[in-house]
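Subject: Structure handover

Hello,

Here is the structure I promised to pass on. Please open it beside this message and follow along.

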Amino acid sequence: MRLILIGSGKLVYFLTRQFASKGYELTLICPDSDDARALSRQFKATVILGDGSDPTILQDAEAYRADILLALTTQDQDNLVACQIAQQQFGITETLAIVNDPDNLDIFEKLGVTIAFSATEIIAHLLEQHLEFENIKNISPVAEGDINVMEVTLEENSPAVGKTLQELEVSSQAQITCIVRNQYITMPKRWTRLQVADHLIVVSRPEYVGPFLRALTGNEA
């Protein structure tokens, strides 16, 4: 796998360290001379000092041989131009760009950047999810993403409190597999009645997660 990283600073440093540990062939295009010098000393990588949105610099970096280009500068315009040149002039099909201003995300996506992400938007989204769904934790995919496993804590206003599992009327593709109640583990039956502060271990197919959580908590992740 041959990667080109454009940018400087801690993000490029840590990504370079991560990719180098996996044995990827790396070319770094760094606009900062001090960073370029430090990266060239610390990693087995080709380091080029220059502007990654300049076609001449990308030619020097042998972009035509790259599998993926990552544009990680603090300038959205430079990141977008680098990705477009990589795709149109050098045939790189996979481009990734950081978008510093979340208002620019749509532009990146419309102009064909393979993956565009805004750290600002991601952090804001995670914070909103945490505040809104504090009683839903450890959502994680298993079986190659075909199954979700999560922990749900029932609160006083949860619509499932006081109901038996049979009364929930949910799909068989979403199941409560375990209840932790007063520090004791209970294997639920159809007639098990749910109580406030129950910790439920839920297993579900992805398409049934939302309706099931709505039935349990009144919210839909």
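In which sense do E1 and strand E2 pair, and over how many bridges? The sense is parallel, and E1 and E2 (residues 25–30) are paired over five bridges. Before the rest, one caution: this is a predicted model.

**The parallel strands**

Start at strand E1, residues 2–6. Five of its five residues are buried, so E1 is mostly covered. Arg2, Ile4 and Ile6 point one way from the strand. Leu3 and Leu5 point the other way. In a regular strand the side chains alternate between the two faces of the sheet.

E1 has pairing partners in E2 and in E4. In E2, leucine 28 stands opposite leucine 5. Strand E4 covers residues 68–71 and runs parallel to E1, with four bridges joining the two. There, leucine 3 has isoleucine 68 as its bridge partner.

From E4, move on to strand E5, residues 94–98. E4 and E5 are again parallel, and they pair over four bridges. Alanine 71 faces alanine 97 of E5 across this pairing.

Is glycine 91 buried or exposed? Its relative accessible area is 52%, and exposed means over 50%, so glycine 91 counts as exposed. Look also at tyrosine 64. Glycine 91 and tyrosine 64 are 27 residues apart in sequence. In space, their C-alpha atoms are 6.4 Å apart.

**Cysteines**

How many disulfides are there? The count is zero. A disulfide is a covalent bond between the sulfur atoms of two cysteines. Cysteine 30 has a relative accessible area of 0% and is buried. Cysteine 83 is buried too, with a value of 0%.

**The antiparallel pair**

Next, go to strand E8, residues 147–153. Five of its seven residues are buried, so E8 is largely enclosed by the rest of the structure. E8 and E11 run antiparallel and are joined by six bridges.

Why does valine 202 count as buried? The cut-off is under 20% relative accessible area, and valine 202 has 0%, so it is buried. Valine 202 and threonine 177 are 25 residues apart in sequence. Their C-alpha atoms are 6.0 Å apart in space.

**Two loop residues with positive phi**

Most residues other than glycine have a negative phi, and most peptide bonds are trans. Two residues here are worth checking on that point. Glutamine 183 is not a glycine, yet its phi is positive, at about 70°. Glutamine 183 sits in the loop between E9 and strand E10 (184–186). At 79% relative accessibility, glutamine 183 is exposed.

Alanine 197 is not a glycine either, and its phi is about 80°. The loop between E10 and E11 holds alanine 197. With a relative accessible area of 45%, alanine 197 is partly exposed.

**The end of helix H7**

Helix H7 runs over residues 206–217, which makes 12 residues. From first C-alpha to last, H7 reaches 17 Å. That is close to the 16 Å expected at 1.5 Å a residue. Its buried residues are Val209, Gly210, Phe212, Leu213, Ala215, Leu216 and Thr217. An α-helix has 3.6 residues a turn, so residues three or four places apart point the same way. Just after H7 comes glycine 218, with a positive phi of about 90°.

**The largest pocket**

How much space lies in the largest pocket? About 190 Å³. The pocket is lined by 13 residues, and the closest to its centre are Leu165, Gln166, Val170, Ala174 and Gln175. Strand E9 (residues 174–181) supplies the largest share of the lining, three residues. By type, the lining divides into seven nonpolar, three polar and three charged residues.

Over to you.

Best wishes

Definitions and conventions:
Residues numbered from 1 in each chain as written. Heavy atoms only, no water. Disulfide = S-S within 2.5 Å. Buried < 20%, exposed > 50% of the residue type's maximum accessible area, 1.4 Å probe, protein only. 1 Å grid on protein atoms, 1.4 Å probe; cavity = no way out; pocket = protein on both sides within 12 Å on 5 of 7 lines; lining within 4 Å. Points joined across faces, edges and corners; volume = space filled by probe spheres on them. Nonpolar A, V, L, I, M, F, W, Y, C, P; charged D, E, K, R; others polar. Expected span 1.5 Å × (residues − 1). Pairing = 2+ DSSP bridges.
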